Amino acid sequence: MQQLEQHQCFGGSQQVWQHESNVLGGPARFAIYLPPQSESGPVPVLYWLSGLTCTEQNFITKAGAQRYAAEHGIAIVAPDTSPRGDNVPNDPGYDLGQGAGFYINATQAPWATHYRMYDYVVHELPALIEAHFPVSAARGISGHSMGGHGALVIALRNPGRYRSVSAFSPIVSPSQVSWGQKAFAAYLGDDTASWHAYDTVALIPAAAERLPLLIDQGEADEFLDTQLQPQRLQSACEKAGHPLQLRRHAGYDHSYYFIASLIGEHLAHHATALHAPA
């Protein structure tokens, strides 16, 4: 691994690293915030998944999460949103290719070789983090928009692996909206049944673990009706009896101004679960 950045922040350390990823078939970057408590022993980890067009930089520079991570003694790991590099397939659109990995394992050419963000986030990255940094195996996961989709899907598909999950403005049913349909058709092919493995609404009825979902959604979000449609998740959770706290906020949009306004409450939500006895 190669350290690219290190900044002292709220008594802890904000770092950015690059490493060779076997899963993604090339170099990958991630950011990690280590709170001051990590100097005394392992701390739990919150994985943050960002949205379309983002890198590891958006969250660490805009969300203001380090202050709350330091207060609660939680490390935060924020990977990039897709594989990168000259040899990695791309697309002119912002919603496909580099910057738009959708946290799935692609099965179709030319994407399948590199676009395996699901395996990277679930397996390779945590193994790396837990081997090289002072963290415990207590994990939470969160994200925004495309990353909110990723966080919810990953938590639902891996019962017992995460103690907590939350999301800001998630794409709750990508198979039902144009962002997801475009990406899934390219990455997974035309068999729409295979898309359901990466669709939160489709996963809820058969979820093996009823991990409570915390979701915040701005009512002035420009993508609310076309791409996010939280009412689909609310209906699925009501039918399945899955615990959901869906909070709607008047006037808030899809930006990091919204995330920064509520990130402290999300860190407190995760801290309660991550510091609870196993």
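What volume does the largest pocket have? About 190 Å³. Before you select it, note that this is a predicted model, where local features need pLDDT of at least 70 and side-chain atom pairs count only at pLDDT 80 or more, while totals for chains, interfaces and linings use all residues. Residues are numbered from 1 along each chain as its sequence is written, and side-chain values use heavy atoms, with hydrogens and water left out.

**Stop 1: the pocket**

Select G51, L52, T53, C54, Y94, H144, S145, W179, F223, H254, S255 and Y256; they line the largest pocket. A pocket is an open set of points on a 1 Å grid over the protein atoms alone, with protein on both sides within 12 Å along at least five of seven lines; lining residues have an atom within 4 Å of a point. Grid points are joined across faces, edges and corners, and the volume is the space filled by probe spheres set on the points. Colour the lining by class: 6 residues are nonpolar, 6 are polar and none is charged. Here Ala, Val, Leu, Ile, Met, Phe, Trp, Tyr, Cys and Pro count as nonpolar, Asp, Glu, Lys and Arg as charged, and the others, Gly among them, as polar.

**Stop 2: G99**

Now pick G99, in the loop between β5 and α3 (117-132). Helices (H or I, at least four residues) and strands (E, at least two) are DSSP runs, numbered from the N terminus. Is G99 buried or exposed? G99 is buried, at 1% relative accessible area; buried means under 20%, exposed over 50% and partly exposed in between, with a 1.4 Å probe and protein chains only. Show its contacts (heavy atoms within 4.5 Å). Beyond neighbours within four places in sequence, G99 touches G51, L52, T53, C54, T81, S82, R84 and M146. G51, L52, T53 and C54 also line the largest pocket.

**Stop 3**

The structure holds 1 cavity of 30 Å³ or more. A cavity is a set of grid points where a 1.4 Å probe fits but cannot get out. The largest cavity has a volume of about 40 Å³. β3 (26-34), α1 (57-62) and β5 (75-79) each supply at least two of its lining residues. The lining has 9 nonpolar residues, 2 polar and no charged.

Select Q14, one of the lining residues. Q14 sits in strand β2 (residues 12-21) and is buried, at 6% relative accessible area. What joins the side chains of Q14 and Q66? A polar contact of 3.0 Å, that is, a pair of N or O atoms within 3.5 Å; within protein, one must be able to donate a hydrogen and the other to accept it, and residues adjacent in sequence count only if both atoms are side-chain atoms. A polar atom of the Q14 side chain also lies 3.3 Å from the backbone oxygen of I32.

**Stop 4: helix α8**

Move to residues 230-240. P230, L233, A236 and C237 are buried in helix α8. Seen down the axis, these buried residues fall within an arc of 120°, so they line one face of the helix; the arc is that of the directions from the helix axis to the C-beta atoms. E238 and K239, on the other side of α8, are exposed.

**Last stop: G160**

Finish at G160, in the loop between α4 and β7 (164-168). G160 is exposed, at 64% relative accessibility.
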